[in-house]
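Visitor: Please take me through this structure slowly, starting with the words I need in order to read it.

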Amino acid sequence: MIKQVLKQVFKKPFTNKFPVKYAPKNVSALLQKVERGEAQINPPVPIPDQFRGRIVYEEEKCIGCKMCIKVCPAKVIEFREEEKKIRMYVARCIFCSQCVDVCPVNCLHISDTYLLAHTDRLDPETLIVE
Ligand code: SF4
Ligand code: SF4
């Protein structure tokens, strides 16, 4: 047991400090600096294989079958009747990938995009309406 504890104490962590190596006084101010190119984000650890990030929707391939709506457990997807296409509310997604698996024409994909935090869940950036 003591051997295991000592091993853990000296082991390198699997995670890294994010978004920066130090604790910023004001995270919002820091992120604004990053946007202006005055500060840099500490690169995260490499994204593992099979990581499930933001869903990508290829609208032109979609045939409007609604299968994805039926299987989605988090009510992320709604149907746009006029266009016979879908709209996705990313903030609700639990990244289960069931919509991707069920889509008969492969127009839904899992990406490795993980920076999805936003202050407005209805902002166009948090919707997928291609
Ligand atoms: S990944 Fe899961 S929760 Fe997200 S939209 Fe697809 S079915 Fe819904
Ligand atoms: S399952 Fe695929 S083709 Fe069917 S509505 Fe959803 S995205 Fe479109």
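Guide: A residue is called near a molecule or strand if its C-beta atom, placed from the backbone, lies within 6 Å of it. Residues are numbered from 1 along each chain as its sequence is written, while chains are lettered from A and ligands numbered from 1 in the order in which they are written. The model is predicted, and local features need pLDDT of at least 70, side-chain atom pairs count only at pLDDT 80 or more, and totals for chains, interfaces and linings use all residues.

Visitor: Which residues are the closest to ligand 1?

Guide: The shell around ligand 1 divides into 13 nonpolar residues, two polar and no charged, where Ala, Val, Leu, Ile, Met, Phe, Trp, Tyr, Cys and Pro count as nonpolar, Asp, Glu, Lys and Arg as charged, and the others, Gly among them, as polar. Of the 15 residues that surround ligand 1, the closest are Cys72, Val76, Cys93, Cys96 and Cys99.

Visitor: Which residues come nearest to ligand 2?

Guide: Around ligand 2 the shell holds eleven nonpolar residues, one polar and one charged. Among the 13 residues there, those that come nearest are Cys62, Cys65, Met67, Cys68 and Cys103.

Visitor: How is the protein chain patterned along its sequence?

Guide: Helices (H or I, at least four residues) and strands (E, at least two) are DSSP runs, numbered from the N terminus. The protein chain has four helices and five strands. Read along the sequence, they follow the pattern α-α-β-α-β-β-α-β-β.

Visitor: How many residues of helix α2 are buried?

Guide: A residue is buried if 20 or more other C-beta atoms lie within 10 Å of its own, exposed if 12 or fewer, and partly exposed in between, with C-beta atoms placed from the backbone. Helix α2 covers residues 27–36 and is followed by Gly37, whose phi is positive, near 80°. Helix α2 lies largely in the open, because of its ten residues the number buried is zero.

Visitor: Which residue of strand β3 is the bridge partner of Arg80?

Guide: Two strands pair if DSSP finds at least two bridges between them, and four bridges join β2 (residues 77–80) to β3 (residues 85–89), which run antiparallel. These strands form a hairpin with four residues between them, and Lys84 in the turn has a positive phi of about 60°. While Phe79 has Ile86 as its bridge partner in β3, the partner of Arg80 is Lys85.
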